[in-house]
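I opened this notebook to keep track of what I looked up. The entries follow the order in which I went through the model.

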Amino acid sequence: MALTLRINGRSQTITARPTDTLLQALRGAGYFSVRFGSNDGQTGAAAVLIDGRLVNSDTLLAGQAVGHKIETIEGLTERVGELHPIQKAFIETGAIQSGYSTPAMILAAKALLDKNPNPTERDVRDALSGVLCRETGYVKPVEAVLRAAAALRGEDVPPYAGPQIVDASYFVDLPAADDDLAGPEPLSRPQSPVSTQTKPKTNIQLSSGVPETAVVGKPEAKVDAVKLAKGNPAFVDDIEMRGMLHAKLLTSPHAHARILNIDDTAAAALPGVRAVIHYQNIKRVKYASGGQSYPNPPPLDQVSFDNKVRYVGDRVAAVAADTPEIAAAALKLIKVEYDVLPAVFDENEAIQPGAPVIHDEDDTEGIHDAGRNIVHHIKAEVGGVTQGFAEADHVFEHHYYVHQVQQAPIEPHIAISWWDSDERLVMRTSTQVPFHARRMIAPLLGLPISRIRVIKPRIGGGFGVKQEVLIEDIVGHLTIKTGCPVRLELTRSEEFRSSRTRHPQTITWKTGVMADGTLHSQQFTVVANTGAYGTHGLTVQTVTGLRGLSSYNCPNREFDCIVAYTNLPVPGAYRGYGGPQALFSLESHMDEIAYELKLDPIAFRRKNWVQAGDPMPIAPLLGEGEKETVANVPVIESCGLNECFEQGMEAIEWARKFEPGWHEVPGKPHLRRGLGAAMCMHGTAIPGLDMGGASIKMNDDGSFNVLVGATDLGTGSDTVLAQMAAEVLGVALADIIMYSSDTDMTPFDVGAYASSTTYISGTAVKKAAEKVAGQIRERAALMLNGGAGSGERGAVKPADIRLENKLAVARDGRSVTLEAVALHSLHQEDQRQIMALASYVSAASPPPFAGQFAEVEVDTETGQVTVTKLVMAVDAGVPINPITASGQVEGGMAQALGYGHCEEMAYDETGNLINDEFGPYHIYRADEMPWMQAILVQTNEPTGPFGAKAIAEIPKDGVAPAIANAVFDATGVRLRRIPFTPQRVFTAMQA
């Protein structure tokens, strides 16, 4: 039917079906800023303004909007280059990460400011509360709205300064803690700690030998910010293709069953259905779906479609049809005959004799003990823990459990494939690993790699869940079957059930401590649940062992881990990658030891935590399976832990916990307050394995094209890499044009995972830029010396030329513009293209460090825990862009808060997920967040580009243990299982 809608001030007639939502109608009309997050309005990604009110277009029929005024973000500005003050503020403050929900947030802000030009922070948070953000922690979006409000009121708004950076050099020469556990606070209870006011404040900059830079280290706006702020087409689904088919996935209703037969006759006969695929018509090719380096870690225990299903949500069949509705109808016509088998969901039960065998097929290799559902058994030991326990003065043993959660990106998995004019298969997909995806899908589809092109546009959140070949093979098979473009987008329920999650673990720590408080022996035992398939099962758990047994010095250490198959949905990569599990248990365990020994918990940590110059002896024993990625014992070369804790303690006002009566809330005797802390340590890339490439080409006007295979997930990696190139080449960020993540056009890169992009890809960019800079100096010297035939040749040497302000400047002050250099090289003399290619792989993996602090209030009558403050002080080396770096910390803390506090996948007794939608699966809204502060502690990492280390994953590591320790401080109750739900806390208090 034809509908006339008033959109952005203009009447527009569109064609829509009676059942079409306004979301479908608007996207069909080309308004791509309105985006799918779910069908129930829970995400707010599809929000538009209807008569000035924020409304979810995914819950409104298109016909219901007739006669009303519809506004999308496309209507905020009319001209190219023009920005609305709200869009400008979002760009300046770094409020945009992936940008998927940014248009909805900006419209929410507009609706607020149109009615209330002088809002409070609470007003802003309330206005944004209908739009879920998985990335920012809402700190910078709130700042942006308040800044835009001031601008719209006509106030003079100063330039945005960005976060403060604290230099750690003050603490470089600090002596190690002495034998009596001296720390920043005395150990006798209950005194107040020594004042920290004599230490540097957060607004004091100190010199640590980091050279002054022009672009690196500056709060530059993201290079993709304008298109994201304006809602321009940027994501996988923001294209239109003639003749595109729509795919739907049939998944298993059973946790464990054999498929005896599939009858697709009725489905295939349905008008509009173009293909039905399943195990009976798709070749059985074994693979592992984790997007990891070649060769993929074992076991290869998956096929595109199997004759056995192993969890509720496992693949059964897929349909391609003319419309999504026809495809959905066809699924209901497929008749599947199941032989339902016994299932097992708990990792400890799965490895017991007599448990159902989940992988009994005979064509999977690399399973440690399939008959006992043991995928891997990982063991590593340094020294001798048994002898160490015998020598220790005190031995402590505690048990912990970490649960299953989902990454929950607002953009679900989506992929579109088609044949190009050369009959090569093109795949446009929301992936973190385009090069791995191309290599891995080639054998599944029976095509050579040379006939496959993978394009990664902007991603609406990844967090590890898209480090997977999850649906790409399905659209590829369907395009091959039909010859047509095919689109598959997971529903929100499918994203929960059929994509990937975080590994649950049963954890035991046993630690021997000497009388002087030094750690002497540590045994870390884990039984991990990898669900139905082993993807990432080996590597996540090796990272768990590495993080747990590298954070503190200890002469005797042992990691013993069993990775078990179960009939749960499959865990995979999730931001932190095994670190959050390790650090929750370790940092809770350290707090418990300190309490039992009556030691100050922070001084106890400081006495034992690693510092610059300390080795990590267990690292060579915990590589990626048989890949010897770490040949020698790595040594830490930079560490700002002392300053991280100093700054974090000051920001959270740690001294309060020693004040009489502070734990009580005046007038509310049922509430108790507490403070908790945790030390965090993570990694930077996979040493000896992760590789990134970059190429740089000079253009006629002295600008540069930078091509990288690195994948920007919204983290700002394109911006950071551009800043490094600009710094070396002596130009502004605007002179760098970034291209990334196209397997045909850009150099190879392993992809966005393991916190590798800034360190690995950044070094590749820096090396390529240095080569280009050398060529520019040679050309400039030629020009300044009068050309090839000049008698003055050699008067200016290339080494004497510096690049700055888009000039090549000689020591004598003479200069040529980079535009003149480009034109001379391309058109005038000894013509050549100034360009270079470089790649990088590192033998080092320098760890970032952090101090995490939490303040809580606990309702002793209900068990409700309210997190009121979070502070994280992070040493990530030199922050290349302080705005994007602090945004990573804020967003990571928000995700970690959900992990420790409220997110949990809940199942019934049949293995069916019962909270497969937002709401029942609760992620934090803007109006629910605690006060948060991110502090960047600068160290100079000698192996990193411009002194940088990783920052993206470490914010996930410390929040859960800091909350656990704060709850203990408030109530005296120790919680060893997350999340800290009211029922769990109340039960513990009653016990």
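Entry 1: I checked the length of helix H5 (residues 139-152) first: at 1.5 Å a residue, its 14 residues should span 20 Å, and its end C-alpha atoms are 20 Å apart, so the two agree. The expected span is 1.5 Å times one less than the number of residues. Helices here are DSSP runs of H or I with at least four residues, strands are runs of E with at least two, and both are numbered from the N terminus.

I noted that this is a predicted model, in which local features need pLDDT of at least 70, side-chain atom pairs count only at pLDDT 80 or more, and totals for chains, interfaces and linings use all residues. Residues are numbered from 1 along each chain as its sequence is written, and side-chain values use heavy atoms, with hydrogens and water left out.

**Entry 2: its surroundings.** Is H5 mostly covered or uncovered? H5 is mostly covered, with 10 of its 14 residues buried (under 20% relative accessible area, with exposed over 50% and partly exposed in between, for a 1.4 Å probe and protein chains only). Among the buried residues I listed Val139, Lys140 and Arg147. The cover over them includes helix H2 (85-93), helix H21 (882-901) and strand S33 (931-938), where contact means heavy atoms within 4.5 Å. Just after H5, glycine 154 has a positive phi of about 85 degrees.

Entry 3: I then turned to strand S1 (residues 2-7), whose covered face holds Leu3, Leu5 and Ile7, while Ala2, Thr4 and Arg6 lie on the uncovered one. S1 runs antiparallel to strand S2 (residues 10-15), joined by 6 bridges; two strands pair if DSSP finds at least two bridges between them. Leucine 5 has glutamine 12 in S2 as its bridge partner. The two strands form a hairpin with 2 residues between them, and asparagine 8 in the turn has a positive phi of about 55 degrees. S1 also runs parallel to strand S5 (residues 69-71), with 2 bridges, and arginine 6 stands opposite lysine 69 there.

**Entry 4: an open sheet.** I found an open sheet of 3 strands in the order S10-S8-S12, with antiparallel pairing. Strand S10 (308-309) and strand S12 (335-340) are the edge strands, each pairing on one side only. Strand S8 (residues 257-263) is joined to S12 by 6 bridges, and alanine 257 stands opposite valine 340.
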